[in-house]
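This briefing covers one protein model, taking its pocket, its aromatic pairs and its charged contact in turn. Please keep the sequence and the structure in view while reading.

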Amino acid sequence: MVYEVHKNDLSQALAADVAVLDFNATWCNPCKMLAPVLESASEDLQGKALFYGIDVDENLALAQQFGISSIPALVVLKNGQPVARQVGFMPKPTLMQWLNGVL
């Protein structure tokens, strides 16, 4: 499951051991392509990481805080600290390989 972030509230993700942040926008076609891949990955990695979708238009402060200039952008947090970042669409095998390397 990918949880939606609203009102720049990242408190749940910051409290998680491992969180994957997906910075996206409704008008972004690669973001739309990545959404079902992330949903599937979140099921595969259940218990290892929590996934959060962050619309950059609705959560501009978070996008600025994390220095997001291109989307889709994924940021992995461990204990609230960013440890990895990836920009652009990835097919599921590539995404899983990257996430498993980070986790």
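In this predicted model, the largest pocket has a volume of about 340 Å³. Of the 18 residues that line this pocket, E4, D22, N24, G53 and I54 are the closest to its centre. The points below treat the pocket lining, then the side-chain contacts.

**Lining of the largest pocket**

- At least two lining residues come from each of four elements, namely β1 (2-4), β2 (18-24), α2 (29-44) and β3 (50-55).
- Helix α2 gives the most to this lining, with five residues.

**Aromatic pairs**

- Two aromatic pairs are found when the whole structure is searched.
- In the pair formed by Y3 and Y52, the ring centres lie 5.6 Å apart and the planes stand at 35°, so this pair counts as tilted, given that the tilted class lies between the stacked limit of under 30 degrees and the edge-to-face limit of over 60.
- This pair links distant parts of the chain, since Y3 belongs to strand β1 and Y52 to strand β3, 49 residues apart.
- The two tyrosines can also be described by their accessibility: Y3 is partly exposed because its relative accessible area is 34%, whereas Y52 counts as buried because its relative accessibility is 4%, the cut-off for buried being under 20%.
- F23 and F66 form an aromatic pair that is likewise tilted, with 5.6 Å from centre to centre and 50° between the planes.
- Because F23 lies in strand β2 and F66 in the loop between α3 (60-65) and β4 (73-78), the pair ties together parts that are 43 residues apart in sequence.
- Both F23 and F66 are buried.

**Salt bridge**

- The structure holds one salt bridge, in which the side chains of K92 and D44 meet at 2.5 Å, taken from N to O.
- K92 lies in helix α4 (residues 92-102) and D44 in helix α2, so the contact ties together parts that are 48 residues apart in sequence.
- K92 counts as partly exposed because its relative accessibility is 25%, and D44 also counts as partly exposed, with a relative accessibility of 46%.

Terms used
Residues are numbered from 1 along each chain as its sequence is written. This is a predicted model: local features need pLDDT of at least 70, side-chain atom pairs count only at pLDDT 80 or more; totals for chains, interfaces and linings use all residues. Side-chain values use heavy atoms; hydrogens and water are left out. On a 1 Å grid over the protein atoms alone, a cavity is a set of points where a 1.4 Å probe fits but cannot get out, and a pocket is an open set with protein on both sides within 12 Å along at least five of seven lines; lining residues have an atom within 4 Å of a point. Grid points are joined across faces, edges and corners, and a volume is the space filled by probe spheres set on the points. Rings of Phe, Tyr and Trp (its six-membered ring) pair if their centres lie within 6.5 Å; planes under 30 degrees apart count as stacked, over 60 as edge-to-face and the rest as tilted. Buried means under 20% relative accessible area, exposed over 50%, partly exposed in between (1.4 Å probe, protein chains only). A salt bridge is a side-chain nitrogen of Lys or Arg within 4 Å of a carboxyl oxygen of Asp or Glu.
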